[in-house]
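Please examine the sequence and the three-dimensional structure shown here before reading on.

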Amino acid sequence: MQQHVAILGAGPVGLDAALACADAGWPFTVYEAADTTAAHVRAWGHVRLFTPWDLNVSRRMRAHLPSAPTGDDCPTGTDLATQLLGPVASLPAFEGRIRYSTRVAAIARTGLLKHEEIGTDTRAAAPFTLLLDTPGGEATAEADLVLDCTGTYSHPNTLGPGGIPAPGERALADHITHTLPDTEDPDRWAGTVLLVGAGKSAQTAARDLATLPGTRIEWAVRKPTPDWGAVPDDTLPGRQHLVDTSQAFADGVNDRITVHTGAHVRALHPAGDRVRAILATDEGPRAVVCDHVVALTGYAGDASLYRQLQVHECYATGAPMNLSAALLGSAGGDCLTQPSAGIEALRNPEPHFFILGAKSHGRLNTFLLRTGYQQIDQFAAAYADAPTLLPAGA
Ligand SMILES: Cc1cc2nc3c(=O)[nH]c(=O)nc-3n(C[C@H](O)[C@H](O)[C@H](O)COP(=O)(O)OP(=O)(O)OC[C@H]3O[C@@H](n4cnc5c(N)ncnc54)[C@H](O)[C@@H]3O)c2cc1C
């Protein structure tokens with residue numbers, strides 16, 4: 001394959017994709033919105049992963065960087081970025097290949113509108129045009145194949161019932177934190193925190209905020225009897241510990257945390273410098289006046305990037321349809337044991353356009369780095385024998 005590959009995002013999966021291109025000798029460019037690699041991972045750098053180094057380093061990364069950490073220790077996000085992803089991005093194979101501070105704003109098939117040339121070779125042969133926001137202003141670039149590895153962390157879900165913003169939420173946006181609290185500076189979180197969500201991010205936030213003596217936590221959890229995503233006989237101790245800690249909080253072991261189960265945010269109102277939240281709970285409405293709102297209700301990737309492409313999104317998860325069907329078919333299990341979906345599940349109606357990494361799972365929170373690295377294996381194998389980018393079977 002001699003055509004140019006555009007990789008969107010220099011997170012762990014984008015970098016692994018770039019290594020696959022380098023290994024295969026395919027020309028590629030990585031476009032990264034931030035001024036550094038792995039910007040999302042760095043944003044939650046204080047958080048310890050629950051997967052160990054051996055699961056977090058891809059086989060390509062290890063081959064190129066034999067000094068990459070090994071073993072059962074679980075790194076923090078900062079460890080992952082500084083000890084693995086930064087050094088990977090500095091490999092000679094990446095010389096001049098990563099364009100930092102370059103956000104991809106939109107992608108189109110050059111000269112073709114979304115509804116034109118449906119499933120034809122003409123569409124498959126047309127290059128892509130990328131609209132770029134660069135430090136010097138807007139620019140465009142062309143590519144023959146696009147891998148969207150832009151993740152989800154900068155697109156948080158909202159707080160209200162059914163996933164729409166709660167009344168008052170948009171006006172009070174400045175008071176709401178959507179990232180995991182860094183508790184290094186206890187004063188930052190002094191007072192009362194309204195924590196919303198029940199996934200691993202919210203569980204991590206509850207555990208960390210509970211260590212701060214000057215912080216009181218009102219934790220709103222939507223399910224009446226949450227199972228905290230417990231996996232029977234969990235082989236990942238870090239993950240099990242979060243589940244156990246959350247259940248202990250719900251059982252009332254810490255008098256600085258109140259867990260409101262069966263609760264959602266009905267409205268937010270300004271209360272001087274503070275926020276007055278109305279929670280709907282099984283026992284009726286409750287008012288909580290707080291100094292901080294920490295909303296950890298999940299993330300979903302930015303679909304606007306590929307709005308002009310022929311992408312069939314699942315109406316429920318937002319993930320590409322085939323992959324979503326495969327994931328939903330195996331839902332409920334441990335993400336560690338989820339079978340790899342395969343290249344056909346990763347394909348879109350838009351030829352040579354792939355959504356990979358955390359973004360590929362849409363609203364499902366089952367993504368692990370290991371899954372992303374398997375996706376790159378599948379992409380690389382599928383194109384290894386393709387001298388051109390004609391569709392399979394053409
Ligand atoms: C708090 C937290 C803990 C996690 N813990 C684990 C764990 O223990 N084990 C595990 O396996 N997984 C874990 N995950 C899940 C997952 O592995 C990570 O989210 C991982 O970072 C996903 O990698 P990625 O490369 O797909 O995307 P990201 O790491 O999100 O990288 C996307 C990159 O794209 C860039 N970007 C975004 N938009 C654009 C654009 N328009 N143009 C150009 N660049 C753009 C971003 O700046 C970023 O650098 C965790 C996730 C979170 C949030």
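This is a predicted model: local features need pLDDT of at least 70, side-chain atom pairs count only at pLDDT 80 or more; totals for chains, interfaces and linings use all residues.

The buried residues of α7 are covered by several elements, including β9 (191-196), β10, α8, β11 (257-260) and β15 (292-295). Helix α7 as a whole is mostly covered, since eight of its 10 residues are buried. The buried residues of α7 are K200, S201, A202, Q203, T204, A205, A206 and L209.

In general, two packed helices are described by the angle between their axes and the distance between the axes. For helix α7 (residues 200-209) and helix α8 (residues 237-250), the axes come within 10 Å and cross at roughly 65°. The crossing in which α7 passes α8 is left-handed. Which residues make the contact? On the side of α7 they are K200, Q203, T204, A206 and R207, and on the side of α8 they are L242, T245, S246 and F249. By class, three residues of this contact are nonpolar, four are polar and two are charged.

The loop between β10 (215-220) and α8 contains W228. Is W228 buried or exposed? A residue counts as buried if 20 or more other C-beta atoms lie within 10 Å of its own. W228 has 21 other C-beta atoms within 10 Å, and therefore it is buried. Apart from its neighbours within four places in sequence, W228 is in contact with A198, Q203, V243, S246 and Q247. Of these, Q203 and S246 also take part in the contact between α7 and α8. W228 and L242 are 14 residues apart along the chain, and their C-alpha atoms are separated by 8.3 Å.

The loop between β10 and α8 also holds D233. The phi angle of D233 is positive, at about 50°, although this residue is not a glycine. Exposed residues are those with 12 or fewer other C-beta atoms within 10 Å; D233 has 6 such neighbours and so counts as exposed. A positive phi, near 50°, is also found at S101, again a residue other than glycine. S101 is located in the loop between β3 (98-99) and β4. With 14 other C-beta atoms within 10 Å, S101 is partly exposed.

Finally, the protein may be viewed as a whole. It has 11 helices and 16 strands. Its radius of gyration is 22 Å, close to the 21 Å that the globule rule gives for 394 residues, so the protein is as compact as a globular protein of that length. Along the principal axes, its C-alpha atoms fill a box of roughly 65 × 45 × 45 Å. Buried residues account for 38% of the 394 residues. Among contacts between residues at least 6 apart in sequence, 69% join residues at least 24 apart.

How values were computed. Residues are numbered from 1 along each chain as its sequence is written. Helices (H or I, at least four residues) and strands (E, at least two) are DSSP runs, numbered from the N terminus. The radius of gyration is taken over C-alpha atoms; the globule rule is 2.2 Å times the number of residues to the power 0.38. Two residues are in contact if their C-beta atoms, placed from the backbone, lie within 7 Å. Axes are lines fitted to C-alpha atoms, for helices over the stretch in contact, and angles run from 0 to 180 degrees between N-to-C directions. A crossing is left-handed if the near helix is turned anticlockwise from the far one by less than a right angle, and right-handed if clockwise. Ala, Val, Leu, Ile, Met, Phe, Trp, Tyr, Cys and Pro count as nonpolar, Asp, Glu, Lys and Arg as charged, and the others, Gly among them, as polar.
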